[in-house]
Amino acid sequence: MTAAAVVSPVDDEAVGESGRARSIAGHVVLTLLSVACVFPIYWLYATSLRAPEDVYSLSVLPWPLSLENYADAFAKTDMVGMLVNTTVMAVLTALGQLLVALLAAYAFAAWRFRFQKLLYLMFVGTWLVPFQVTMLPNYVLLSRLDLLDTLAGVIIPTLCSAMGVLLLRQHLMGFPKELLDAARMDGRSSWGILWTVVVPTLRPVLAALGILLAITAWNEYFWPALVLRRGNDVVQLGLRSFMGTEGNDWGPLMATAGLTCLPVFLLYLVLQRHIVNAFVRSGLK
Amino acid sequence: MRKLSLARAGVALLCATALSACGLGGETAAPSSAPATVIPELAAGQQVSIVFESYNFGQAGAWTDTFTELIGKFTAAHPNIKVTPQKPQGNSANPATDTVSSLQSQLATGNPPDVAQLGFSELDFSVNQLKAAPLDDLVGRDAVQKNFDGAKYPYAKTARALGDWNGKTYGVPFVFSTPVLYYNADLFTQAGLDPAKPPTTWAEVEQAALALKSKTGKEGVYVDCLTKSSKDWCFQSIVRSNGGRVVSEDRKTLSFAEAPSVEAVTAMQAMVKSGAMPNRTQQQGTEGFARGDIGMIVESSALQGTFGKGLKTGLRSAVLPAFTGKPVVPTNSGASLFVFAKDPAKQRAGWELIKFLTSEEAYTTISTKIGYLPLRTELVNDPAALKPWADKNPLIKPNLEQLAKMEPWVSFPGDDYVQVRDGMMSAVESVVFQGADPSTLKGKQDELAKLVPGGGR
């Protein structure tokens, strides 16, 4: 889709030999870029489908095909448990971040109050603070709350997404004030207006943002690795358990990585329109 | 006013974060107090629970399974002690490199694991900064020595003092390996070399490598001791085998730019220049050998399993090559078990766990299931213990042979030991693989000396 968008202006202007040559060159560049993007993913699945003794093979086609690496991955780790845990973690994190972002953005967009700009700047400012800076204090706090080694410990400190607040606030700023005023005159409370007027209108944005947040949470490795010391409760940690001092166990590692990518691929296939929307909208307004 | 609540919560959160950050500094600064007298035995039925941190729990398969099995056996024998296993926290691909940072972050919370498995190169830091408990003070020197003597088979003489610091035992050496020359017998035959007579000197290694390259079209040899990612344990073997040291015997002066060391590095560089050794990263080197694309590799015996799986046939092993006319001095890599608990009951329970994990029974399980070398070496001659396993695995012989003449892997002094080690290895890597002049080692040594307590000279 992106490729078409980039190439079409060239096509429109393409007149004669030089235009066609330019168009071909463009396609060649884009094809090379696509291959560069897709090849590592192909190699991942190709390696996962090789027989364990062929794992180091450099042949492009994995032959004979074997599912042994997948069986090995299931035997060595609690794959189903990890996938369930990761889903729970990603969904709860995304829902929590959406809720916090919605409430914060609603407050910032619909009201005027003292220190509003300063507070908003602080929210935005947290986006500029690298995670590594807050990592240890957060860890100490979790330790005192006795939440280390729990999924709650992974989810709670990440519940506020500055990007979410920023994005929703920008959308709400463009929300017609007249609608809010009309609802207020009808006697709706602020809470009622949020859920009956604002949320239904924002549904596409919320869906798109929710998907982005869920994918980010699904892919998160650093924070769960710090909090979950006593097991490989999420799939990104399960991946690392195939790497170690005695060399990497590439077969099951690639099989697990392949399985880890699948839910995100599926989500993307089903909700492709929303995801592209999310990217497009986040750059709007 | 409700509108403000979120912002208030935000401010409160910021304050809480700032406060907890302050608390962090306070706790790390608190000194640890080691009990002066021997800790009491656990009373019958006294319930204790301890946390055991080991990088083995970070690796799926035989490692996790074997250690889980051992913990199960331990708790069956000591029903009053509950052991919670955990892996080091962190993000490195290899959990073994996260051990120190993991301990540091847990010490910051005031809640370190009670027993931890740490590498030998971390010994100085573990004792002086992480404040591991001196086992001689905790349970008495006699008890520590008695454990080394074992019920039937004692520790290898060279292994007993690897976790000692200033004459006291802090860590009980647990697992280790030495650098071994692995070679591909199938490629040797193809190249017209005799697989029964592997090269014993570096000059022979170079010759064999060039023969392999010209006759099979594969690469000759990869020495996995010369890059920053290989760390310095096996580089120390090479330097020691040429009569040098990377740091002086009193561990006060860096000496990796002195003649014997420079000579050794130059010899390695010459192999790259002659084409005997390909210019590869550590990962490319080990995987190239496992794929059968490189004829020989000098590597930790810990990678034997990976090589065996990759090569299927033809994997052979030999002792570390020598510099002509000089004795080989292998150094070890590996880890010891340390006690970090502060509570006497947990310290005692931790010691019980260490005793069990280093017992004849535990080593028999560890060697047969993971393939690590038993530090109670005589176990391999006992038909009731490891003899059948050793007979089936002739590849472990060079490793066992090297135990007798092994010297400890020396840790660099001071808090900046990692920078010193990495700086040295980066300099070695640029000489060997990027063709830098060997004299650049001197400049690096002078630069790194500033990081060593007392100026390192």
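How are α4(A) and α10(A) oriented to each other? In this predicted model, the axes of helix α4 (residues 79–110) of chain A and helix α10 (residues 190–219) of chain A cross at roughly 140° and come within 9 Å. Angles over 145 degrees count as roughly antiparallel. α4(A) and α10(A) are therefore oblique to each other. The crossing in which α4(A) passes α10(A) is right-handed.

On the α4(A) side, the contact is made by A:Thr86, A:Met89, A:Ala90, A:Val91, A:Thr93, A:Ala94, A:Gln97, A:Leu98 and A:Tyr106. On the α10(A) side, the residues are A:Leu194, A:Val198, A:Leu206, A:Leu209, A:Gly210, A:Leu213, A:Ala214, A:Ala217 and A:Trp218. By class, the contact of α4(A) with α10(A) holds 14 nonpolar and four polar residues, and no charged ones.

**Other helix pairs**

Helix α10(A) also packs with helix α8 (residues 162–173) of chain A, the axes coming within 11 Å and crossing at roughly 165°. α8(A) and α10(A) are therefore roughly antiparallel to each other. Here too the crossing is described as right-handed, with α8(A) passing α10(A). From α8(A), A:Gly164, A:Leu167, A:Leu168 and A:His171 meet A:Leu202, A:Val205, A:Leu209 and A:Leu213 of α10(A). This contact of α8(A) with α10(A) has six nonpolar residues, two polar residues and no charged residues.

In chain B, helix α11 (residues 259–274) and helix α18 (residues 417–432) pack at an angle of about 40°, and their axes are 8 Å apart. That angle makes α11(B) oblique to α18(B). B:Val265, B:Met268, B:Gln269 and B:Val272 of α11(B) make the contact with B:Val428, B:Val431 and B:Val432 of α18(B).

| Helix pair | Axis angle | Axis distance |
|---|---|---|
| α4(A) and α10(A) | roughly 140° | within 9 Å |
| α8(A) and α10(A) | roughly 165° | within 11 Å |
| α11(B) and α18(B) | about 40° | 8 Å |

**Annotated span of chain A**

An unreviewed UniProt entry places the feature "domain: ABC transmembrane type-1" at residues 83–271 of chain A. In the model, this span is 76% helix and 0% strand, and its end C-alpha atoms lie 20 Å apart.

**Contact between the chains**

Chain A gives 33 residues to the contact between the chains, and chain B gives 41 residues. On the side of chain A that touches chain B, the elements giving two or more residues are α4, α5 (116–128), α6 (131–144) and α11 (222–227) of chain A. The largest share of that side comes from α6(A), with seven residues. By class, the side of chain A that touches chain B has 19 nonpolar, seven polar and seven charged residues.

**Confidence**

For the complex, the predictor gives an ipTM of 0.73 and a pTM of 0.80. Chain A has a mean pLDDT of 87, with 92% of its residues reaching 70 or more. Its pLDDT stays under 50 over residues 1–11 of chain A, a stretch with eight contacts beyond four places in sequence. Chain B averages a pLDDT of 88, and 92% of the residues score at least 70. Residues 1–35 of chain B have a pLDDT below 50, and this stretch has 32 contacts in the model beyond near neighbours in sequence.

Terms used. Residues numbered from 1 in each chain as written. Chains lettered and ligands numbered in written order. Predicted model: local features only at pLDDT ≥ 70, side-chain atom pairs only at ≥ 80, totals over all residues. Axes fitted to C-alpha atoms, helices over the stretch in contact; angles between N-to-C directions. Helix = DSSP H or I, 4+ residues; strand = E, 2+ residues; numbered from the N terminus. Parallel < 35°, antiparallel > 145°, perpendicular 65-115°, else oblique. Left-handed = near helix turned anticlockwise from the far one by under 90°. Contact = placed C-beta atoms within 7 Å. Nonpolar A, V, L, I, M, F, W, Y, C, P; charged D, E, K, R; others polar. pLDDT = per-residue confidence, 0-100. UniProt positions renumbered as here; feature names shortened; annotations may be inferred.
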